[in-house]
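Subject: Structure handover

Hello,

Here is the structure we talked about, with my notes below it. Please open it alongside the text and check the notes against the coordinates.

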Amino acid sequence: MEYGGPLFINQDKVDLEVLDKIQIEAMHIVTGAKRLTSHDLLKKDTCWPDLSMRRELQELSILHKVIHKQYPPYLLNDLPYMSDGNSRLERRFKFNTPPYNYAFYRDSVIPSMIANWNKLPNDIRTNTSLKTFKYLFKEKFAPPKYPLYNCGSRLPQMSHTRIRLNFSNLNYHLFNHGLSDSPNCENCNVPETPIHYFMECTKYPTNLRNELITKAKAILTGPNRSDRNRIPLNTLLHGKKELPYSENVKLFEIIHSYIRKTGRNP
Ligand SMILES: [Zn+2]
């Protein structure tokens, strides 16, 4: 997906969309999401950076190597240094943008590489270590990783993810996508929403839900602890930010256990 990435910079949008579709396909495979799942939700759930961002980091890494002489010096001859920077650092780490008459040239590899380089925050642009440069770039521009969504075994994790992506086998989601005649739970005749499945549906044994609530509550301590006999949907789907990662993993294991034992395969 990244092979020759910088050369794709001035490619037609339609061509780049072909690559983007492959990335979306990979997201479907990894998460087990259904077709027609919102791409925005998929991107948010996987926390994968866009291909455009990855290409930009590739091109900027090339420029970093040129500046720090990891590439042959003759490459530098075609990259004019800025001569009117305010400080020595600016003069050393910023470039003049080559003059252009056509947008096509402006968007081609070297000019767009220089423009993107000049836009970088100072602390990233002036960092001399390529490893730290990449790290700082990702920290600034890549979506934050959320490894919690990857924990647990495949099947319950997949069901949990589908509910989070608003397109699971629950009737409420199927109906919203035109795949069911009714959004209602076959047992309770009310919409089979995620919260109904986790907290209300009488189809599943009471002890199963009690086990979910009791075990989850033992983990969910703190000022926002719910006193009522239910767990908020947001916590059930995303964990709780205030908790350490290891506690959130335990919470997800409890939820996955509930999903497995209901046999509903949502
Ligand atoms: Zn029900």
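Asn-189 sits in the loop between α11 (171-176) and α12 (194-200). Helices here are DSSP runs of H or I with at least four residues, strands are runs of E with at least two, and both are numbered from the N terminus. Phi of Asn-189 is near 55°, a positive value in a residue other than glycine. Asn-189 is exposed, with 9 other C-beta atoms within 10 Å. The cut-offs: a residue is buried if 20 or more other C-beta atoms lie within 10 Å of its own, exposed if 12 or fewer, and partly exposed in between, with C-beta atoms placed from the backbone.

Two ground rules. This is a predicted model, so local features need pLDDT of at least 70, side-chain atom pairs count only at pLDDT 80 or more, and totals for chains, interfaces and linings use all residues. Residues are numbered from 1 along each chain as its sequence is written.

Leu-36 also has a positive phi, near 70°, and is not a glycine. Leu-36 is in the loop between α1 and α2. Its count is 10 other C-beta atoms within 10 Å, so Leu-36 is exposed.

The axes of α1 (residues 13-31) and α2 come within 10 Å and cross at roughly 65°. Axes are lines fitted to C-alpha atoms, for helices over the stretch in contact, and angles run from 0 to 180 degrees between N-to-C directions. The crossing of α1 past α2 is left-handed, meaning that the near helix is turned anticlockwise from the far one by less than a right angle. On the α1 side, the contact uses Ile-24, Met-27, Val-30 and Thr-31; on the α2 side, His-39, Leu-42, Asp-45 and Thr-46. Contact means C-beta atoms, placed from the backbone, within 7 Å. By class, this contact holds four nonpolar, three polar and one charged residues. Ala, Val, Leu, Ile, Met, Phe, Trp, Tyr, Cys and Pro count as nonpolar, Asp, Glu, Lys and Arg as charged, and the others, Gly among them, as polar.

Next, the domains. The assignment gives domain 1 (5-141) and domain 2 (147-262), with bounds from an automatic or database domain assignment. Ten residues of domain 1 contact nine residues of domain 2. Helix α2 (residues 39-46) gives the most to the domain 1 side, with three residues. That side divides into four nonpolar, four polar and two charged residues.

Thr-97 is in the loop between α5 (88-93) and α6 (103-106). Thr-97 is partly exposed, with 16 other C-beta atoms within 10 Å. Leaving out residues up to four places away in sequence, Thr-97 touches Pro-111, Ile-114 and Ala-115. Tyr-135 lies in α9 (residues 130-141). Tyr-135 has 13 C-beta neighbours inside 10 Å and counts as partly exposed.

Finally, the whole protein. There are 15 helices and zero strands. The radius of gyration is 25 Å, well over the 18 Å that the globule rule gives for 266 residues, so the protein is more spread out than a compact globule. That radius is taken over C-alpha atoms, and the rule is 2.2 Å times the number of residues to the power 0.38. The C-alpha trace spans about 75 × 40 × 25 Å along its principal axes. Buried residues make up 22% of the 266.

Best wishes

Note on methods
Two residues are in contact if their C-beta atoms, placed from the backbone, lie within 7 Å.
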